[in-house]
Amino acid sequence: MNEQNTAEHSLPLPENEQRQQRLHKLEILQAEGIDPFREERCERTHTASQLTSPSAPHWLLSEEERAAMQCVAAGRLTAHRSKGKVVFADITDETGRVQVYVRRDDVGEEKFEQFLQLDLGDILSVNGYPFHTRTGEPTLHVRTHTLMAKALRSAPIGKKDEEGVVHSGLTDKERRYRYRYLDMLANSDSREALVKRSQMVSAMRRFLDEKGFLEVETPMLQHVAGGAAARPFLTHHNALNFDFKLRISLELYLKKLLVGGLEKVYEIGRVFRNEGISTRHSPEFTLMELYQAYANLEDIMALVEEMFAALCQKLNGTEALTWGEHTIEFGKPWQRLPMLEGIRTYAGIEPEELASLESAHAACRRIGVPFDIERETLLGGLIEKLHEIYTQPNLIQPVFITDFPIETSPLAKKHPHNPALTRRFEAYAATQELGNAFSELNDPLDQRARFEEQMRQRAAGDEEAHPMDEDFLLALEYGMPPAGGLGIGLDRLALLFTGAETLRDVIFFPLMRPEH
């Protein structure tokens with residue numbers, strides 16, 4: 001009995017036996033002069049969704065007019081139900097599923113037998129005309145069919161229950177991430193989330209292009225990996241006999257382009273950080289960074305507000321989205337909340353208590369923080385830790401957290417009224433950090449002093465402190481216009497817009513430990 005001929009067979013064959021059966025069928029086809037892997041072009045006239053849509057134009061035609069149509073569809077065989085001299089089957093393409101009806105008297109004995117020998121997962125094209133079955137299901141009445149690719153393994157295609165609900169054949173998350181192509185075959189939700197991620201990136205690109213930004217590309221292999229606090233991956237270039245670093249940010253090269261006379265630039269590209277993996281962190285991820293000459297932090301805030309509202313409108317049809325029990329409103333002006341004020345509100349520590357490391361440690365002991373305060377040897381790092389633990393979980397609606405400590409912001413201008421703080425913000429919504437922006441530091445002497453301080457931190461054991469970058473300092477000495485800059489992690493942004501649970505759900509092929 002063919003493995004796919006009935007939905008009521010008891011236990012599936014072991015994978016090796018299924019593959020042997022399929023290989024045997026392949027040999028029979030080849031012996032008959034049929035090559036299922038030949039170069040074959042299919043001029044499709046309709047997708048599955050176009051055939052099945054209630055508003056499709058062909059449903060306005062009479063039965064006689066539809067019977068004269070030549071509709072060509074193609075896709076993967078995902079269901080197969082034979083009843084004597086007829087077969088009902090499902091063909092699935094990128095847009096959805098369409099039922100097809102194959103009758104022996106229409107296609108002929110030979111082609112009917114060939115259809116019976118198809119396996120789930122085979123890819124084929126069908127030519128026929130649309131009609132409704134007695135139960136009202138839109139169906140394609142097949143006149144002829146062509147096998148376009150033979151599946152030698154049985155994909156975990158979901159099955160429909162009696163109520164028509166499709167249950168996935170692949171539920172194990174480890175296998176879903178490792179074999180993403182099978183996950184996409186078996187789980188339409190996974191496929192839709194990944195498609196929505198790509199639509200989000202395209203919408204962001206169009207938004208920036210329309211704003212006059214120029215998309216550029218900068219090196220992935222770098223002598224000095226700067227622009228962020230992270231450990232880089234190392235790689236060796238054989239011809240140059242030199243160890244390069246994979247970039248951890250896009251920032252410094254984009255700023256060099258400002259020095260070179262470009263005034264509005266952006267890049268969307270992969271960056272690599274040699275750090276742990278979690279539901280919110282991936283060692284490689286997609287980053288968008290933009291820089292606008294003669295702009296400041298407030299200009300970038302306005303740009304972010306407009307961009308997020310536009311993205312939400314494009315992806316969801318409204319400037320708001322649902323997150324759990326909350327409705328996140330991107331169409332309204334965002335709150336501005338200084339970091340120290342947020343800590344005062346949610347941790348009960350006054351800004352004056354965070355004026356020195358000693359008083360900050362005392363305040364932490366007073367409220368009983370859930371971490372080892374002695375390990376926080378920098379005031380700025382301790383302040384950001386308090387923000388992450390106490391403030392961030394309360395940031396539901398869109399908000400800009402401003403006035404970051406100078407120790408953790410070596411590339412941002414100093415705050416004009418408090419040199420211990422900087423002109424920097426992070427954008428938050430649904431408790432997640434979604435963007436990071438500066439009024440960019442363009443004073444080469446101040447920048448050198450910041451880098452030197454970072455090198456002292458590195459010498460003290462901070463492996464993620466920013467390295468010295470003489471080439472970037474040289475560029476700044478030729479003069480960089482005042483500018484506003486912004487970085488957005490697109491993987492994390494996709495979590496928000498798709499409602500996915502982890503970063504791996506919105507990365508097409510997430511990094512995995514080798515299986516063997």
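**Close-up 1. Salt bridge between glutamate 305 and arginine 336 in the predicted model.** The side chains of glutamate 305 and arginine 336 form a salt bridge with an N to O distance of 2.8 Å; a salt bridge is a side-chain nitrogen of Lys or Arg within 4 Å of a carboxyl oxygen of Asp or Glu. The pair links distant parts of the chain, 31 residues apart: glutamate 305 belongs to helix α10 (residues 297-316) and arginine 336 to strand β16 (residues 335-338). Helices (H or I, at least four residues) and strands (E, at least two) are DSSP runs, numbered from the N terminus. Glutamate 305 has 16% relative accessibility and therefore counts as buried, whereas arginine 336, at 39%, counts as partly exposed. Buried stands for under 20% relative accessible area, exposed for over 50%, and partly exposed for values in between (1.4 Å probe, protein chains only). Residues are numbered from 1 along each chain as its sequence is written. The model is predicted, with local features needing pLDDT of at least 70 and side-chain atom pairs counting only at pLDDT 80 or more, while totals for chains, interfaces and linings use all residues; side-chain values use heavy atoms, and hydrogens and water are left out.

**Close-up 2. Lysine 25 and its salt-bridge network.** Lysine 25 is part of helix α1 (residues 15-31) and, at 10% relative accessibility, counts as buried. Its side chain is in polar contact with the side chain of aspartate 119 at 2.8 Å. A polar contact is a pair of N or O atoms within 3.5 Å; within protein, one must be able to donate a hydrogen and the other to accept it, and residues adjacent in sequence count only if both atoms are side-chain atoms. A network of salt bridges links Lys25, Asp119, Asp122 and Lys150.

**Close-up 3. Two further salt bridges, arginine 38 with glutamate 40 and arginine 103 with aspartate 106.** Arginine 38 and glutamate 40 are joined through their side chains at 2.9 Å, N to O. Arginine 38 is partly exposed with a relative accessible area of 31%, and glutamate 40 is partly exposed with 36%. The side chains of aspartate 106 and arginine 103 pair at 3.0 Å, N to O. Aspartate 106 counts as partly exposed at 32% relative accessibility, and arginine 103 counts as partly exposed at 32%. The whole structure contains 37 salt bridges.

**Close-up 4. Nonpolar surface patch of Tyr181, Phe508 and Phe509.** These residues make a patch of about 330 Å². Patches consist of residues with over 30% relative accessible area and no salt bridge, with like charges joined within 9 Å and nonpolar side chains (Val, Leu, Ile, Met, Phe, Trp, Tyr) within 5 Å. Accessible areas come from the Shrake-Rupley method with a 1.4 Å probe; for residues, only the protein chains shown count as cover. Tyrosine 181 is located in helix α7 (residues 180-186) and is partly exposed, with a relative accessible area of 48%.

**Close-up 5. Positive phi at tyrosine 294 and aspartate 403.** Most residues other than glycine have a negative phi. Tyrosine 294, not a glycine, has a positive phi of about 65°. Tyrosine 294 sits in the loop between β13 (284-293) and α10 and counts as exposed at 56% relative accessibility. Aspartate 403, also not a glycine, has a positive phi of about 65°. Its place is in the loop between β17 (399-402) and β18 (414-415); at 18% relative accessibility, aspartate 403 counts as buried.
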